[in-house]
Amino acid sequence: MSADTSGAPPPAAPPQGLEALTELAMDLRWTWNHSGDELWRRLDPALWALTYHPSVVLQTVSREKLSHALADPDFCGLLDRLVQAKRQAATIPRWFQQTHSQAPLSCVAYFCMEYMLSEALPIYSGGLGNVAGDQLKAASNLGVPVIAVGLLYQHGYFHQVIDRNGAQQALYPYNDPGQLPVTPVRQANGESLRLEIALPGYSVWLRAWQVQVGRSKLYLLDSNDAANVPIHRGITSELYGGDQELRLKQEMVLGIGGWRLLAALGLKPDVCHLNEGHAAFALLERALGFMVETGQPFPVALAATRAGNLFTTHTAVAAGFDFFSPALMAQYLGRYAQEKLGLALREFLALGRRNPEDADEPFNMAYLAMRGSGAVNGVSRLHGRVSRHIFSPLFPRWPEDEVPVGHVTNGVHMPTWDSAAADDLWTEACGKGRWLGTLATLEADLRRVSDEKLWTLRTVSRKSLVEYARERIGQQMGAAGVEREVIARTQSRLDPGILTLGFARRFATYKRPNLLLHDPDRLIRILKNPQRPAQLILAGKAHPADQAGQALILEWTRFIRRSDVSPPVVFLADYDMLLAEHLVQGVDVWINTPRRPWEACGTSGMKVLVNGGLNLSEIDGWWAEAYVPDVGWALGDGQEHGEDPAWDAAEAEALYERLEHEVIPEFYTRNEKGIPAAWVQRIRESMARLTPRFSSNRAVREYTEQHYLPAAAAYHERAANKGAVGKQVVDWQQAVDRKWGSVRFGDLRVETNAEHHAFAVEIFLNDLEPSAVRIELYANRVNGGDPVREEMKCADPLAGPSGGRVYRATVPTTRPASDYTARAIPQRSGATVPLESDRILWQR
């Protein structure tokens, strides 16, 4: 029986204007566009100062304050202007519409395990999510039609607390969707959209959520549906937690569920971009959709769709890929492979193996991603080289330089990471719309900024950081039960007038966060030099399962607590996006000490560029491309030394030397105006030359022009007429595989004169069509140059019934004839070799 509510007053109608406030609050455009800050500050100043989250302010503000504000004509006028500006920004033609309006690209589906968009949506861990979030924001700025897909975690990544003993403790607060800037995805009839995925024993029901990111959308799936059994409700419980079985289920939800969500929404992406291999199952689901639509078998469907797939790898060591046991794969995906894809289990597992005949080899998600994509890239120039080495086992007998992995160096979304003071300086120099186009004039514009303005920016920014750090360390230590006197002494260690060094990242051994602690007494002497003092602000988490990383944090906290010297060092707990923003905006020098080449790219140092901070970093990742002596400082010799304690000691010594004799003296060498002229000139060079180059604006434009547009065109060509070209590609692959074993070389002859070597080689193709094979003269790279690949042309058939042919080529005598070797490789117009056919035959 229902309760009698006839005497209860009806619920109050929502205040007029609430819908407009909700529209603003639920669009994460506010994470980089701060024109609405004043609106939220007026609504509840104390709550705004505490959170800086419009969605939190709107959900938490009292009804009385809300009604009062919406009755204020000035407030409502500001609200109306902001809503109109937001709507206009969503429709005005941007770079993509202005530059590529006729391109056959209407939708890019972007998959990633995590997204760093705001601390208001804590579904990120670190670098991977940083890249994904910043690229999604840049796509919005540029008008690139990107739809992103991820997971909504009940707990996200952990929150860090430093206890009274200086050790890390992990907490897992619940992410209540009702308090996050997400809205449920609804069907046309208004019901919430739910998806079903079959797992052994039970189906899993998935809820779908939408996040508005300017012009872009992010769709998130979660398994916390009441219809699921408890163990399945926990599939999306936390990011990078649990065992391999949980990880496999998460990746099935992301890849298979994610692609099904797009289909349910009526979206037909031209391009699928995997930001790491976690979502590689999406490539299978895309092929399955093509099979259902056209009636083609899996090999043809994969050949047709892979042309529109891009795989970006972020992993610098092979052990970092996701591997799953054959038994686990059979348990969870065996029926999917057989009943949906029409593949025997052995054929299915071969997609993720180096050796298809090895029944014990685990399934490698990166291998699946590579075999299902039309292009693969690393995230820096050096990482591209490292990745070619990692993937070289998939391409036996091919030179490592030709392993099909390129690179697009990461960048960061500068409007997200710049301070208000930096934004003012850049706006005055370059205009408000500076990040919406090609950035062509930014370097010249920034160079015109005076020394006084640059130094004022740094002075104001450093002061702001010190104030924030004092407040945060007070809260942190107070929560741990530390006495007020000790808190006050710790806060007083920070001085807004002295050189401020920053080090913040995940604490893992390969990042060497304790390189600065190699000689603690020397570090203290450097920092506490009375004539040239410096201070260090640290932050970072270690994965809860990484005991070695947690030990590194403990080493720092014990050093900081040394009462005999009171080092001017603080460790700020719970490194999140808000803390990162304050750090990169305020530090003078950002220190980075990874063990080369294990930093695939690194983006934290990029964020200081827009704010006038400088980098002191190992020559690794992005800094290997960026570093020249007048923009910052470098560590290392640009070579790999492995885990060599002697080399670590040598680099620690070099780090101390660089700080003591170069960095700190330059900061304190002032002119008659009190400005460190050489330091400011270094700031100018760093800001002008590096900020545009390492922005996500540049990275997304490169992805669009180098990958998305060609991939969309290739996909449409292969998919047309129910995959007719895809079928031709499969026929070519099968013919090459079937007949390659009978291809052989005959004699090689060379004639040399003063200027040229003339090569002639015999080759017997047997039944293989000459158009399916390319004959080349090849020589390895020397002295840092490029390898030589000279196509040999068919000259004449050999006499007799052998079916052989003679191919000829001429090359300069700048290199000896003995450097060159003839080789045969497959070829087909529109096919990517060796990605789609890895056969190769060498003459010797």
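1. No disulfides are found in a search of the whole structure, which is a predicted model. For cysteine 601, the closest cysteine sulfur is that of cysteine 112, 14 Å away and therefore too far for a bond, given that a disulfide requires sulfur atoms within 2.5 Å. Cysteine 601 is buried, with a relative accessibility of 3%. Cysteine 76, by contrast, is partly exposed, at a relative accessible area of 28%.

2. The search of the whole structure returns 25 aromatic pairs. Among the residues involved, Trp455, Trp633, Phe667, Tyr668 and Trp679 are joined into a cluster by ring pairs. Phe667 also carries a charge over its ring: the charged end of arginine 670 lies 5.0 Å from the ring centre. A further arrangement of this kind places the charged end of arginine 194 over the ring of tryptophan 205, at 4.5 Å from its centre.

3. Of its 21 residues, 16 are buried, so α10 is mostly covered.

4. The two ends of α10 may be inspected in turn. At its start, a side-chain oxygen of aspartate 243 comes to within 3.2 Å of the backbone nitrogen of glutamate 245. After the helix comes glycine 266, with a positive phi near 80°.

Notes:
Residues numbered from 1 in each chain as written. Predicted model: local features only at pLDDT ≥ 70, side-chain atom pairs only at ≥ 80, totals over all residues. Heavy atoms only, no water. Phe/Tyr/Trp six-rings, centres within 6.5 Å; stacked < 30°, edge-to-face > 60°. Lys NZ or Arg CZ within 6 Å of the ring centre and 35° of its normal. Buried < 20%, exposed > 50% of the residue type's maximum accessible area, 1.4 Å probe, protein only. Helix = DSSP H or I, 4+ residues; strand = E, 2+ residues; numbered from the N terminus. Polar contact = N/O pair within 3.5 Å; in protein donor to acceptor, adjacent residues only side chain to side chain.
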